[in-house]
Amino acid sequence: DWSSDVCSSDLSAFTSIVGSVVRSVSMWAGRVAAIGPTDKAARNYGRFGTGSIVAWPPGAGFGERWIWLGNDTLIAAHVTLSAGMGPGQEMLTDPVVSIGDRCVIGRGTAIVGHFSIDIGDDVYMGMNIYITDQNHGYEDLDQPIGTQTPRDDAVSIGSGSWIGSGAVILPGAQIGSHVVVGANSVVRGVVPDNCVVVGSPARVVRRHNGSAWVRDTPDQPGPG
């Protein structure tokens, strides 16, 4: 009837207003809570460069003491940055995770370092990428893989590279400069400068020969 229509209209208007307020407050809170170089939380990092920002909310993270951020780098929301197995662990290397200047680390990405992950300058990453320098051992058939001694192998990503969404960068990956890693690719081993790699395991499909970009020959082996 007429009265129920009025009530429904009033409720809809009220919900719209409340929703607008919640969205505005959420956006404001995100800007205020983001970590910048002058914030107290930035002091937890081994280095926190000028103009850099860690967006709110962050992912799970610890070991900031062994994480270095360059200048003008953006760490998007829900990114996990960690050094070590848990809070308070003393690390053997410093930094464990190093991210250069003017990098963009996409939403939902996880960078989990135990020994050395070195990301150069001007590296852009899509969303939901996983990078680690440690694998579990699996050799002992009488012991669960998750409890076996892990192995560390340094990872590096050269300056000017682009890592597509959903990519996985495995321990020991040495990615050159100006490299495109296709979405959902799994990278291990050495990737040369100035090339495009795709697939699982990733292989080179295009490279720059010094004068132009050319397709790679099908019989040429991939990285690693």
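**Figure 1. Threonine 109 in the loop between β7 and β8.** Threonine 109 lies in the loop that separates β7 (104-105) from β8 (110-113); helices (H or I, at least four residues) and strands (E, at least two) are DSSP runs, numbered from the N terminus. The model is predicted: local features need pLDDT of at least 70, side-chain atom pairs count only at pLDDT 80 or more, and totals for chains, interfaces and linings use all residues. Residues are numbered from 1 along each chain as its sequence is written, and side-chain values use heavy atoms, with hydrogens and water left out. Threonine 109 has a relative accessible area of 0% and is therefore buried (buried means under 20% relative accessible area, exposed over 50%, partly exposed in between; 1.4 Å probe, protein chains only). A polar atom of the threonine 109 side chain lies 3.3 Å from the backbone nitrogen of isoleucine 129 (a polar contact is a pair of N or O atoms within 3.5 Å; within protein, one must be able to donate a hydrogen and the other to accept it, and residues adjacent in sequence count only if both atoms are side-chain atoms). Not counting residues up to four places away in sequence, threonine 109 touches His78, Val79, Thr80, Gly126, Met127, Asn128 and Ile129 (contact means heavy atoms within 4.5 Å).

**Figure 2. Serine 52 in the loop between β1 and β2.** Serine 52 sits between β1 (47-48) and β2 (53-54). Its relative accessibility is 3%, so serine 52 counts as buried. The serine 52 side chain reaches the backbone oxygen of glycine 70 at 2.5 Å, and a polar atom of this side chain lies 3.2 Å from the backbone nitrogen of aspartate 72. Residues touched by serine 52, not counting those up to four places away in sequence, include Ile35, Gly36, Pro37, Asn71 and Thr73.

Figure 3. β18 (residues 179-181) and β21 (residues 195-199) run parallel and are joined by three bridges (two strands pair if DSSP finds at least two bridges between them). In this pairing, valine 180 is opposite valine 196 of β21. Five bridges link β21 to β22 (residues 202-208) in the antiparallel sense, with valine 197 opposite valine 204 of β22. The hairpin from β21 to β22 passes through two residues.

**Figure 4. The largest nonpolar core and leucine 69.** This core has 41 residues, of which Leu69, Ile99, Ile111, Ile119, Met125 and Ile131 touch the most other members (a nonpolar core is a set of buried Ala, Val, Leu, Ile, Met, Phe, Trp, Tyr and Cys residues joined through side-chain atoms within 4.5 Å). Strands that each supply at least two residues of this core include β3 (67-69), β5 (80-83), β6 (97-99), β18, β21 and β22. Leaving aside neighbours within four places in sequence, leucine 69 is in contact with Tyr45, Arg47, Phe48, Gly49, Val54, Ile75, Leu81 and Ile99.

Figure 5. Tyrosine 45 is buried at a relative accessible area of 13%, and phenylalanine 48 is buried at 13% relative accessibility. Arginine 65 lies over the face of tryptophan 66, 5.3 Å from the ring centre (a charge sits over a ring if NZ of Lys or CZ of Arg is within 6 Å of the ring centre and within 35 degrees of the ring normal).
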